[in-house]
Every structure is written in structure tokens, then in C-alpha cells.
Amino acid sequence: MKLRRRQRERLSLWLQYLAFVAIIAVVIFAADWGRLRDAFFRVDIIESMFPTIITVALRNTILYTLGAFAFGLVFGTLLALMRLSRVAPYRWVATAYIELFRGLPALLVLFLVGYGIPIAFPEREIPGGVFGSITIGLGLTAAAYMAETIRAGIQAVPKGQMEAARTLGMSHFTAMRTIVIPQAFRIVIPPLTNELILLTKDSSLAYVLGVTAQTIEVTKFGRDTLNDRVNATPLLVAGFTYLVITLPLSQVVRRLELRYAKAR
């Protein structure tokens, strides 16, 4: 008997569900849960990691992320304005910077900031110590990505907004500051929040600067505990700790995107 199109689609859907359930069942019944528990779910190791993983490691991760995001946002906005400037040298410098730092790994930039600057300027120190180095290192890379996002947001604002502001007697700078840029930021909040999530994970690169017990972040704390206890449980706990930050931020992004879609 020949099936109708809708019946074929429904049958295909049910077959996909059955295949998914079958795969899950195979994984559940074939896995050695005893060994998995011993390797990844040691309760005594989990208990030993608290409260330090929250009061020190997670706190530092949040501080590094916020510092780098703030630096990247300010510098990225400046780069975006330079990219849109009528002055050609500004555009050249901004374009070269964005292309360079988007092409370099964040780990390399962090290393160059943490060790290159002290070598180049031996009589000067980066303010804030490890926090300052991480803020600048991750912020320099983040600024390159944010600059393109903010530039796109500025260009998405209707040109009539600027023309109306100039008609009212506003200078170009005042119109950009009070009318265009605020609207642009409302447009780019979702992608900027995604950048915040990426910076949260990139903060795990702080180990390259030789963090101490007081400046340690989540991933380094998990790795050190893994080496001490010779067990993978600390890495699993570290992963869940990152989810405490990233999952709420992901929900915020979705809601902001839905709100922006409705507003349009």
C-alpha cells in the first residue's frame, strides 16, 4: 500500500525517535557504571573541593571574565568608531588590528601580554598583577570581535536617525553618543552576551601566567585537584561550575533575541 506524504513523514519521525531511544538504551545497558562512578563521581573528592572552588576559583573566573569583557567593550567600541571614520588612517589602523587579533590565538596574546610587556618595559608593571594581565590579554582579543559586532550594530541603525539629529542642530559626536550608539547597543546585546560566554571559558587560559592559590581559576583548580587525587572527578566538577555561569547567560541571550525579533 502506498503511503501518503504526511504518513511517510510521520513514519520517518517515529523511526527517528525509536533510533534515538535505542541508542540511549544501548549506552545505558552497555556502560560500566561502576567504573564511571569511581572515575568521575567520587563523592569524597567532590566534598573536598568545596567551598574553595566557589569562594576562590569561581570568584576569580567571574572577575577575570568581567574585567576582560569591560576592557574589550570599551576598546571594541573605539575600534568600531575608527572603522567607520572618514579619516583613512583610523580605518587602516582599526582594520589591521581587528584582522591581526582575530587571527591570533587568545593563548598567544595572553602569553605576550604576561611575559612580553614586562620584558619590553622592565621598570614598569601591569596594574593589577595577574588580574590586570588577564584583563588586557583576553580583552585585546575580545575587542577585535566586539568591534565588528558593534560596527554592524551601528550600521543597522537607520541613517534617518543621524540625519534627523543633525537637522535638530546636534553635532556628529553628540548624535552618535546620544542616539545612534544607544540604539546600536540594543541591537547587539545578544551577540555581546555570547562574547561574554566565550570569555568565561577563555578565562581558563589564565594558567599560562602562573596563577597562585589566591588567583587560581576553575579549570586550573580542577587540574591541580586531579593531579593530587589522580581522579577525573575534579574536571567534571569544574565543568558543572562553568555551567552555573554559561547556562543562565545562554537563556538571557535567547530571551533577548526573542524580544528583539518581536520588536522588529
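What follows is a tour of a predicted model, stop by stop.

**Stop 1: the annotated stretches**

Start with what the record says. UniProt, in an unreviewed entry, lists residues 12-31, 62-82, 103-121, 127-147 and 232-253 under "transmembrane region". Select residues 12-31: this span is 95% helix and 0% strand, with 29 Å between its end C-alpha atoms. Now try residues 103-121, where the chain is 84% helix and 0% strand and the end C-alpha atoms sit 25 Å apart.

The unreviewed UniProt entry also lists residues 58-253 as "domain: ABC transmembrane type-1". Colour that range and you get a span that is 80% helix and 0% strand. Its end C-alpha atoms lie 22 Å apart.

**Stop 2: a bent helix**

Next, pick helix H9, residues 172-202. A straight helix of 31 residues would span 45 Å, but H9 covers only 37 Å between its end C-alpha atoms. Where is the kink in H9? Zoom in on Val 188: a kink of about 55 degrees lies there, shortly before the proline Pro 190.

While you're on this helix, click Gln 183, which also belongs to H9. Its side chain makes a polar contact of 3.2 Å with the side chain of Gln 161. Beyond its neighbours within four places in sequence, Gln 183 is in contact with Val 157 and Gln 161.

**Stop 3**

Head to Pro 51, in the loop between helix H3 (43-49) and helix H4 (52-83).

Then jump to Val 230, in the loop between helix H10 (218-229) and helix H11 (233-263). Phi of Val 230 is near 50 degrees, a positive value in a residue other than glycine. Is Val 230 buried or exposed? Val 230 counts as exposed, because its relative accessibility is 72% and the cut-off for exposed is over 50%.

**Stop 4: a tucked-away tyrosine**

For a contrast, select Tyr 64 in helix H4. Tyr 64 has a relative accessible area of 3%, so it is buried. Show what surrounds it: leaving out neighbours within four places in sequence, Tyr 64 is in contact with Val 130, Phe 131, Ile 134, Ser 203, Ala 206, Thr 215 and Glu 217. Look at Glu 217 in particular, which is 153 residues away from Tyr 64 along the chain. The C-alpha atoms of these two are separated by 8.7 Å.

**Stop 5: the nonpolar cores**

Finish with the inside. The largest nonpolar core has 45 residues, and Leu 138, Met 146 and Leu 199 have the most contacts within it. Which helices supply at least two residues each to this core? They are H3, H4, helix H6 (106-120), helix H7 (130-156), helix H8 (159-167), H9, H10 and H11. H9, the kinked helix from earlier, gives the largest share of this core, with 11 residues.

Centre the view on Leu 138 and show its contacts. Not counting residues up to four places away in sequence, Leu 138 touches Ala 68, Ala 106, Leu 110, Leu 199, Asp 202 and Ser 203. There is also a second, separate core of 13 residues; select Met 82, Ala 94, Ala 143 and Ala 147 to see some of its members.

How values were computed: Residues numbered from 1 in each chain as written. Predicted model: local features only at pLDDT ≥ 70, side-chain atom pairs only at ≥ 80, totals over all residues. Heavy atoms only, no water. UniProt positions renumbered as here; feature names shortened; annotations may be inferred. Helix = DSSP H or I, 4+ residues; strand = E, 2+ residues; numbered from the N terminus. Expected span 1.5 Å × (residues − 1). Bend = angle between axes of the 7 residues up to and from the residue. Buried < 20%, exposed > 50% of the residue type's maximum accessible area, 1.4 Å probe, protein only. Contact = heavy atoms within 4.5 Å. Polar contact = N/O pair within 3.5 Å; in protein donor to acceptor, adjacent residues only side chain to side chain. Core = buried A, V, L, I, M, F, W, Y, C linked by side-chain atoms within 4.5 Å.
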